[in-house]
Amino acid sequence: QVQLVESGGGLVQAGGSLRLSCAASGRTFSSNAMGWFRQAPGKERDFLAAISANGFGKNYADLVKGRFTISRDNNKNTVYLQLNSLKPEDTAVYFCAADVHRAAVTGPLKVGDMDYWGKGTLVTVSS
């Protein structure tokens, strides 16, 4: 069992930055690939970024490449998403998720492949 709790969301002006955190419980955290997703009102949940269990493998959706950075600290059981150069269209609920069947990351993660989800944290970007 893995429990995930996101934090760090809030209201920010366009061009600003936020750092999201996802704290995980469960002894298998350091063995799991992790991902960040987001969902805007009325839209599907979209993949943003993924990181391998050891932190060396990463993958990003094209729409956030160069602006968002995923990282993890296995000693703290935490995965992060740094959001830079935020735009109003980045407004959404941001979720972290764990794939307990995968350690490596070779491409985007799919919503249906993820085993555990947090409840999300809201990011609102004003223009």
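**A tour of the salt bridges and the disulfide**

Begin by selecting Arg38 and Asp90, which form a salt bridge whose closest N and O atoms are 2.8 Å apart. The model on the screen is a predicted one. Arg38 belongs to strand β4 (residues 33–39), whereas Asp90 sits in the loop between β8 (78–83) and β9, so this pair ties together parts that are 52 residues apart in sequence. Colour the two residues by accessibility next. Arg38 has a relative accessibility of 11% and therefore counts as buried, because buried means under 20% relative accessible area. Asp90 is buried as well, with a relative accessible area of 0%.

Arg67 lies in the loop between β6 (58–60) and β7 (68–73), and Asp90 in the loop between β8 and β9, so the pair ties together parts that are 23 residues apart in sequence. Asp90 and Arg67 are both buried.

Arg102 and Asp113 are 11 residues apart, and each is found in the loop between β9 and β10 (116–117). Are these two residues buried or partly exposed? Arg102 is partly exposed, with a relative accessible area of 27%, and Asp113 is also partly exposed, at 34%.

For the last stop, select Cys22 and Cys96. A disulfide joins Cys22 to Cys96, with a distance of 1.9 Å from S to S. The count for this model is 1 disulfide. Which parts of the chain does the pair link? Cys22 is in strand β3 (residues 18–25) and Cys96 in strand β9 (residues 92–99); these are distant parts of the chain, 74 residues apart. Finally, inspect the surroundings of each cysteine. Cys22 counts as buried because its relative accessibility is 0%, and Cys96 likewise counts as buried at 0% relative accessibility.

Note on methods:
Residues are numbered from 1 along each chain as its sequence is written. This is a predicted model: local features need pLDDT of at least 70, side-chain atom pairs count only at pLDDT 80 or more; totals for chains, interfaces and linings use all residues. Side-chain values use heavy atoms; hydrogens and water are left out. A disulfide is a pair of cysteine sulfur atoms within 2.5 Å. Helices (H or I, at least four residues) and strands (E, at least two) are DSSP runs, numbered from the N terminus. Buried means under 20% relative accessible area, exposed over 50%, partly exposed in between (1.4 Å probe, protein chains only). A salt bridge is a side-chain nitrogen of Lys or Arg within 4 Å of a carboxyl oxygen of Asp or Glu.
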